[in-house]
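Let's take a walk through this model one residue at a time. Have a look at the sequence and the fold first, then follow along.

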Amino acid sequence: MDVEIVVTMVAGLLLAVAAIGTVYPGLPGSGLAIVTLIAWAWIMGSSVAWTTAVIGSILAGIGWSASAVLTGRRLRQHQIPKRSIAVATASAVVGMFLIPVVGVFVGFGCGLLASEYVRRRDFSSSLKASAATLKAAGIGVLVEFFMVCLAGSVWTIGVITHFATRAG
C-alpha cells in the first residue's frame with residue numbers, strides 16, 4: 001500500500017479523535033487537529049496539502065481561541081475565581097472514575113456548584129453563576145467542535161484534490 005494512503009488514513013483517524021476531543025475532556029482536541037494537518041502536509045509535500053493544512057489549522061485555531069474567550073469572558077462576568085475552577089476540575093477527575101462516560105461532566109458541574117456555594121453561601125446565586133458558566137463552556141465546546149469539523153471538511157477536500165492532481 002502506498003505510504004501517502006496510509007498516512008492519509010492515519011490523519012483521518014486522528015482528525016476524528018480531535019473532533020471527539022473537543023467534546024470529551026481528556027482527549028486532545030484542536031491542538032491534535034493542527035498537528036495532524038501540518039504533519040500530513042509535511043509528508044504529502046504538495047502545495048495542495050500545505051494550503052489545506054494552513055486553512056484547516058487556522059480554522060481549528062479560531063475554534064480553540066473562541067472556546068477559551070467565550071468561557072473566560074463568562075467566568076469574569078460572574079466573578080468565578082480560579083479556585084472554583086480548580087475544585088471543579090478535581091471533581092471532574094473524581095467523577096471520571098466514579099461514573100463511567102459522563103462522570104467528567106457531572107463531576108465538573110457538581111464541583112463548580114459546591115465550590116461556589118461554599119464561597120457565596122447562597123444557593124440561588126451559586127446555581128445561577130454555575131449554570132451560566134456551564135452554558136458558556138458548552139457554547140465554547142460547540143464552537144470548537146464545529147471549527148475542528150470544518151477543518152476536517154477542508155482536509156477532506158484537500159485529500160481529494162491532492163490525490164486527483166498528483167503525478168503518477
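Start at threonine 71, which sits in helix 3; helices here are DSSP runs of H or I at least four residues long, strands are runs of E of at least two, and both are numbered from the N terminus. Residues are numbered from 1 along each chain as its sequence is written. Keep in mind that this is a predicted model, where local features need pLDDT of at least 70 and side-chain atom pairs count only at pLDDT 80 or more, while totals for chains, interfaces and linings use all residues, and side-chain values use heavy atoms, with hydrogens and water left out.

What does threonine 71 touch, leaving aside its neighbours within four places in sequence? Its partners are Ala136 and Ala137, where contact means heavy atoms within 4.5 Å. Leucine 113 lies 42 residues away from threonine 71 along the chain, and their C-alpha atoms are separated by 16 Å.

Now hop over to the pocket. Ala137 turns up again here, as one of the residues nearest the centre of the largest pocket, together with Pro25, Phe105, Phe108 and Val141. In total, 31 residues line this pocket. Helix 1 (3-23), helix 2, helix 3 (47-77), helix 4 (82-98), helix 5 and helix 6 (123-165) are the elements that give two or more residues to the lining. The space inside comes to about 780 Å³. Grid points are joined across faces, edges and corners, and the volume is the space filled by probe spheres set on the points. Sorted by class, the lining has 18 nonpolar, 12 polar and one charged residues; Ala, Val, Leu, Ile, Met, Phe, Trp, Tyr, Cys and Pro count as nonpolar, Asp, Glu, Lys and Arg as charged, and the others, Gly among them, as polar.

Next, serine 30, found in helix 2 (residues 30-44). Is serine 30 buried or exposed? Its relative accessible area is 1%, so it counts as buried, which means under 20%, with exposed being over 50% and partly exposed in between (1.4 Å probe, protein chains only). The serine 30 side chain makes a polar contact with the side chain of glutamate 144 at 2.6 Å. A polar contact is a pair of N or O atoms within 3.5 Å; within protein, one must be able to donate a hydrogen and the other to accept it, and residues adjacent in sequence count only if both atoms are side-chain atoms. Not counting residues up to four places away in sequence, serine 30 touches Thr22, Ala60, Trp64, Glu144 and Val148.

Two of those partners, Ala60 and Val148, lead us into the largest nonpolar core, where they are among the residues with the most contacts, along with Ala33, Leu37, Trp40 and Trp155. This core has 21 residues, and a nonpolar core is a set of buried Ala, Val, Leu, Ile, Met, Phe, Trp, Tyr and Cys residues joined through side-chain atoms within 4.5 Å. Helix 1, helix 2, helix 3 and helix 6 each supply at least two of its residues, and the largest share, seven residues, comes from helix 2. Beyond its neighbours within four places in sequence, alanine 60 is in contact with Ser30, Ala33, Ile34, Met147, Val148 and Ala151. Apart from this core lies another, of five residues, among them Leu75, Ile80, Leu112 and Ala129.

Leucine 112 is found in helix 5 and is buried, at 0% relative accessibility. Apart from neighbours within four places in sequence, leucine 112 contacts Ile80, Ser84, Ile85, Ala88, Ser130, Thr133 and Leu134. Serine 130, in helix 6, is buried as well, with a relative accessible area of 3%.

Finish at arginine 121, in the loop between helix 5 and helix 6. At 61% relative accessibility, arginine 121 is exposed. Most residues other than glycine have a negative phi. Arginine 121 is not a glycine, yet has a positive phi of about 60°.

Note on methods:
On a 1 Å grid over the protein atoms alone, a cavity is a set of points where a 1.4 Å probe fits but cannot get out, and a pocket is an open set with protein on both sides within 12 Å along at least five of seven lines; lining residues have an atom within 4 Å of a point.
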